[in-house]
Amino acid sequence: MKKAILFILFMTLQTVIYAQERQYIPFLEEGKVWVYFYHGLCDDPYKYLIVRGDTEFDGKNYKKIIDWETSRCVCLMREEGSKVYCMQDGNEYLLYDFGLNVGDTFETPNGNATVIAVKDIMVGSRSHRVLDVRDNENNAYSNWWIEGVGGRNYLTNSILSSDDDYTFLQCTIDGYPLFTRYNVWALPVFFAQERQYVPFVEEGKSWYCGYDHPYDIFSPSAADPAGEGIDYIFTMQGDTQINDKTYKKVYCQCKEYYRDDEFHYYCAVREEDYRVYLVKNGATEEKLIYDFSSPGELVTATFDGHEYVRDGGIRFYRYLPGQLAYDISINNDGVVDFSNYYCGKWIEGVGAPGYPFDIYFDGDIMFEKGVFVRTVMKDGEYVYNHEWSAKSSIPSGPTSIDNHLRIDNSSKVSPLYDLQGRQLKSLPNKGVYIQNGKKVVVK
């Protein structure tokens, strides 16, 4: 009996401590802005809704939700505890209840819904309570309710229907993004407690890259499935010690730049706590090049003298299980705009799809031409294929790499490729070729 009482007291104390530590994030804050993309025909597809001003209606105090473009009041809203009410055309309805728990039902103007999961997500310095709310008639489709932000649909709808015309882009307060669409897209990963990190630094990994060839035609190959041309190959081979730290050596082959077919030492990289550090050829000082830590959060850091903000990450359907992609933005005097891709996208295990082993800012261009990653291979299998992104809208992607995208290891004689990624018809008498994703030298 004593043990049972002590257990109850312990659990009660834990609940009180949690309640004291966690602070509810209000939904209605003066100056808060929601940004949406409108999919219909119009001159400006972006919709900005702002909390601006107060009013009283039927003895209750409301906040005004203003359309930034027209200065028109879209609706009135009020907040009581964890409940958010919306007033439109003289009718009030409960829009959100962020205090619901798993199994609770919620009545919406479009029908009933049920909460099937609840989780706290850290984004920046704020802990948002996120609810996975499913329409009772379409239980397979999630509509995330994010405390302080709302759902991923238009502001005045709590359940997303298939014919919605708006897509949530971001919610900001005082110019700082509280939540972006990338954070929303990453939520399934965190609700599934999935963190299958794909490391960047691995022995034998190769990056097959090229620049834009608008008028050239290339034959598709394993290294270049789209037939866009391979101009650069980066590969990780061997270790080196710099300032008592162990790095992987990166070599680059680029016939146009180096004027030969050899692999030339390019840089050294190491990985620690999901962060990748680079030492350029001829230097000893390391620089942070990628930060893949803290998925789901906005990460601010200094990158080669530039301050940037990295978003929370998303997972495309055709990526490897758990592999996340991040967008970053320069922090311009406190304004973060993820629609301006100064540095492109970072992908776990891949780096930047352009300039994977360089710090690219302010117009610096590697080899004086653009560098775009076609594929990344490790042990004959794909870590990345840039065509996967183009297929991200497919609703039921694979849980591993597609079989038809693998180098064939089933036969005794696997396909042979030259350093440009072109398949060879026979074994060369002399030179360098690639088999099973590995470089082979014939003397």
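**Notes on the strands and cores of this model**

1. Start with a hairpin. β16 and β17 are joined with 2 residues between the strands, and Asp273 there has a positive phi near 55°. Strands, like helices, are DSSP runs numbered from the N terminus: a strand is E over at least two residues, a helix is H or I over at least four.

2. A word on the source. This is a predicted model, in which local features need pLDDT of at least 70 and side-chain atom pairs count only at pLDDT 80 or more, while totals for chains, interfaces and linings use all residues. Residues are numbered from 1 along each chain as its sequence is written, and side-chain values use heavy atoms, with hydrogens and water left out.

3. Back to β16, residues 264-272. It runs antiparallel to β17 (residues 275-280), and 6 bridges join them. Two strands pair if DSSP finds at least two bridges between them. Arg270 has Tyr277 in β17 as its bridge partner. β16 also pairs with β15 (residues 245-253), again in the antiparallel sense, over 5 bridges. There, Tyr251 stands opposite Tyr265 of β16.

4. Next, the open sheet. Its 8 strands follow the order β6-β5-β4-β3-β2-β1-β11-β12, with antiparallel pairing. β6 (91-97) and β12 (176-180) are at the edges; each has a single partner strand, so one side of each lacks a neighbour in the sheet. From one strand to the next, the twist averages 30°. Axes here are lines fitted to C-alpha atoms (for helices, over the stretch in contact), and angles run from 0 to 180 degrees between N-to-C directions.

5. Look at β11, residues 166-173. Of its 8 residues, 7 are buried, so the rest of the structure largely encloses this strand. Buried means under 20% relative accessible area, exposed over 50%, and partly exposed in between (1.4 Å probe, protein chains only). β11 is joined to β1 (residues 33-38) by 6 antiparallel bridges; Phe37 has Thr167 of β11 as its bridge partner. Gln170 stands opposite Thr180 in β12. The β11-β12 hairpin has 2 residues between its strands, and Asp174 in the turn has a positive phi of about 55°.

6. Elsewhere in the sheet, β3 (residues 60-67) and β4 (residues 73-80) pair antiparallel over 4 bridges. Ile66 stands opposite Cys73 in β4.

7. Finally, the cores. A nonpolar core is a set of buried Ala, Val, Leu, Ile, Met, Phe, Trp, Tyr and Cys residues joined through side-chain atoms within 4.5 Å. The largest has 56 residues; Trp207, Phe234, Val269, Trp346 and Phe357 have the most contacts inside it. Strand β14 (residues 232-242) gives this core its largest share, 4 residues. Another core, of 42 residues, lies apart from it and includes Cys86, Ala113, Tyr154 and Leu155.
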